[in-house]
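This note sets out several points for the record, concerning charged side-chain contacts and strand pairing. Please read the points alongside the structure shown below.

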Amino acid sequence: MDLEQKVNQSFQQLNSDEIQCLNFIIEHKDIVSNSTLNEISKLCHVSASFLFRTIKKVGYSGFSELKYEIKKEENTLKEMTGQPENINCQLHEDIDKTIKYFNTVNHTEMFRSIMDASRIFSYGTGWEQKMAAEKITRNFIYSGKFVTNFPALEELSVAEKALNEKDIVFLISLSGNNERIVNIAKDFRRRNIKMVSITQFGTNKLAGISTYNLYYYASEFHKPRHRSIVSLYTLVELFSLHYKLFTEQLENGGLQNG
């Protein structure tokens with residue numbers, strides 16, 4: 001299990017200072033892998049003991065194990081950089097890890113919330129995320145659910161106050177840290193409006209606020225310079241098919257309703 005996955009699994013138990021430290025580590029792995037615990041604690045503006053407890057809180061035995069895992073990840077990336085066959089392998093790995101993680105989570109509660117929702121809305125932050133939102137809209141037609149997709153953030157902002165706790169909203173982002181969408185999500189949470197975040201795997205504000213979370217892996221290539229999110233579309237297809245299967249099993253008496 002990588003660092004981002006460990007952090008996400010512990011997200012609800014972390015305070016703001018712990019999240020800040022872990023975000024620094026995730027964003028500066030190259031520095032962390034060549035530094036001491038004391039050096040990193042100074043960069044994070046916390047004590048070494050606080051940083052050590054934080055690292056243990058997300059599942060590591062200590063700073064040495066964390067550095068070992070980061071260096072192992074760095075070596076894997078170096079081996080794969082710039083090689084066409086390895087690019088293929090990395091894309092395949094992104095898809096494979098996305099599917100495997102999806103299958104480790106019980107989505108029954110989320111599926112029931114979607115079934116029970118009076119209205120379903122979706123919004124994607126970038127053009128690729130907007131394409132994924134449109135794909136959700138198309139896929140859900142076959143399950144008898146109609147999704148209203150907001151093509152622009154301004155439209156979501158205008159409609160924000162008209163949503164209520166009987167609705168559910170899909171919020172699709174790469175980083176999950178866009179401040180405007182995070183602020184809207186905070187308002188939805190305050191008003192008990194259910195949300196499904198779809199973000200890149202890693203610690204992010206949107207996932208921490210949302211009711212339900214779906215994650216995809218998105219590798220960043222250096223040669224050529226590119227971030228692939230092919231697994232986002234795989235995730236949307238996987239999620240849609242599993243939801244349709246769930247509803248069909250309910251209709252056929254294969255699952256208990258309620």
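Which side chain meets that of Lys 244 in a salt bridge?

1. The model under discussion is predicted. In this model, the side chain of Lys 244 forms a salt bridge with that of Glu 248, at 2.5 Å from N to O. Both residues belong to helix α13 (residues 230-251), where they lie 4 residues apart, a separation of about one helical turn. Lys 244 is partly exposed at 27% relative accessible area, and Glu 248 is likewise partly exposed, at 32%.

2. The count of salt bridges comes to 12. Among them is the contact between Asp 167 and Arg 119, at 2.7 Å from N to O. Asp 167 is in strand β3 (residues 167-172) and Arg 119 in strand β1 (residues 119-124), so this pair ties together parts 48 residues apart in sequence. Asp 167 is buried, with a relative accessible area of 2%, whereas Arg 119 is partly exposed at 34%.

3. A network of salt bridges links Lys 161, Asp 187, Arg 190 and Arg 191. Asp 187 is buried, its relative accessible area being 9%.

4. Strands β4 (residues 194-200) and β5 run parallel and are joined by 5 bridges. Gln 200 has Tyr 216, in β5, as its bridge partner. Strand β5 (residues 212-216) is mostly covered, with 4 of its 5 residues buried.

Terms used
Residues numbered from 1 in each chain as written. Predicted model: local features only at pLDDT ≥ 70, side-chain atom pairs only at ≥ 80, totals over all residues. Heavy atoms only, no water. Buried < 20%, exposed > 50% of the residue type's maximum accessible area, 1.4 Å probe, protein only. Helix = DSSP H or I, 4+ residues; strand = E, 2+ residues; numbered from the N terminus. Pairing = 2+ DSSP bridges. Salt bridge = Lys/Arg side-chain N within 4 Å of Asp/Glu carboxyl O.
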